[in-house]
Amino acid sequence: MMRILGIDPGIARTGWGIVDSDGHEFKVGGYGCLSTPKEELLPMRLLSIYEGIGSLVDRYRPDLMGVEQVFFAKNVKTAIAVGHARGVCLLVGGERGISVEEVTPLQVKSFIVGYGNATKEQVGIMIKSILGLDVIPEPDDVCDALAIAVSAGIKRSFADTLDRSRDTASEKGNDISK
């Protein structure tokens with residue numbers, strides 16, 4: 001069983017979700033949102049995110065951390081702020097020795113809905129179904145974090161399957177990497 005902490009990084013709100021997976025099925029272990037007041041200076045907001053993610057890691061002891069890889073073309077200021085929050089989350093993973101799987105929004109939509117141009121509503125409906133929840137988690141940051149956790153688990157499981165396949169082929173003298 002693998003425990004995955006999914007993170008949707010942001011300065012105002014950082015969504016988080018814990019998912020347990022056996023590689024095929026997913027079960028929610030907890031979720032929520034870390035919020036920082038807009039009146040606070042950036043360094044204090046980043047410190048709050050750092051401490052919050054660190055506390056979640058201590059509490060849930062995840063094997064894997066999934067963090068959204070963000071791309072913004074519209075608002076550079078927002079992209080930089082989210083990049084700061086993302087960096088803090090990655091720092092916690094590195095500091096605690098947790099394996100990190102970065103997933104793009106396109107990968108999340110493809111893994112969860114099967115369609116890279118899926119809407120947030122479609123992702124929410126599928127997360128509710130995949131995790132057996134009664135309602136779609138809110139706010140969007142929380143639902144996105146759970147989707148990131150599931151996506152990171154799928155991506156890691158797929159990579160592990162490929163690695164095992166390559167190892168088996170190498171043992172048999174078939175090099176499939178060529």
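Reader: Why is D20 called buried?
Author: The relative accessibility of D20 is 15%. Buried means under 20%, so D20 counts as buried. This is a predicted model, and the values are computed from it.

Reader: Where is D20, and what is D20 in contact with?
Author: D20 sits in strand β2. Beyond its neighbours within four places in sequence, D20 is in contact with M1, M2, R3, E25, F26 and K27.

Reader: What makes the pair D20 and R3 a polar contact?
Author: The distance does, in part. The two side chains come to 2.7 Å. The cut-off for a pair of N or O atoms is within 3.5 Å, so the side chains of D20 and R3 make a polar contact.

Reader: How do you know that the buried residues of α2 line one face?
Author: Take the list before the geometry. V82, A85, R86, V88, C89, V92 and G93 are the buried residues of α2. Viewed down the helix axis, they fall within an arc of 150°, so they line one face. On the other side, V76, K77 and G94 are exposed.

Reader: What do the buried residues of α2 pack against?
Author: Their partners are β1, β2, α1, β4 and β5.

Reader: What span does α2 reach, and what span is expected?
Author: α2 has 21 residues. From first C-alpha to last, α2 reaches 30 Å, close to the 30 Å expected at 1.5 Å a residue. Just after α2, G97 takes a positive phi of about 70°.

Reader: Which residues touch the most other members of the largest nonpolar core?
Author: L5, I7, W16, I49, I53, V57 and M65 do, in a core of 19 residues. β1, β2, α1, β4 and α2 each supply at least two residues of this core. The largest share, six residues, comes from α1. Apart from this core lies another, of 18 residues, including L64, L133, L146 and A149.

Reader: What does I7 touch?
Author: Leaving out residues up to four places away in sequence, I7 touches T14, G15, I53, M65, G66, V67, E68, C89, A145 and I148.

Reader: What makes K155 and E101 a salt bridge?
Author: Their closest N and O atoms are 3.6 Å apart. The limit is within 4 Å, so the pair forms a salt bridge. K155 lies in helix α5 and E101 in strand β5, so the pair ties together parts that are 54 residues apart in sequence.

Reader: What joins D58, E95 and R96 into one network?
Author: Salt bridges that share partners join them. In one of these, the side chains of R96 and E95 meet at 3.5 Å, N to O. R96 is partly exposed at 33% relative accessibility. E95 is partly exposed too, at 45%.

Reader: How many salt bridges does a search of the whole structure find?
Author: Eight.

Definitions and conventions. Residues are numbered from 1 along each chain as its sequence is written. This is a predicted model: local features need pLDDT of at least 70, side-chain atom pairs count only at pLDDT 80 or more; totals for chains, interfaces and linings use all residues. Side-chain values use heavy atoms; hydrogens and water are left out. A nonpolar core is a set of buried Ala, Val, Leu, Ile, Met, Phe, Trp, Tyr and Cys residues joined through side-chain atoms within 4.5 Å. Buried means under 20% relative accessible area, exposed over 50%, partly exposed in between (1.4 Å probe, protein chains only). Helices (H or I, at least four residues) and strands (E, at least two) are DSSP runs, numbered from the N terminus. Contact means heavy atoms within 4.5 Å. A polar contact is a pair of N or O atoms within 3.5 Å; within protein, one must be able to donate a hydrogen and the other to accept it, and residues adjacent in sequence count only if both atoms are side-chain atoms. The expected span of a helix is 1.5 Å times one less than its number of residues. The arc is that of the directions from the helix axis to the C-beta atoms.
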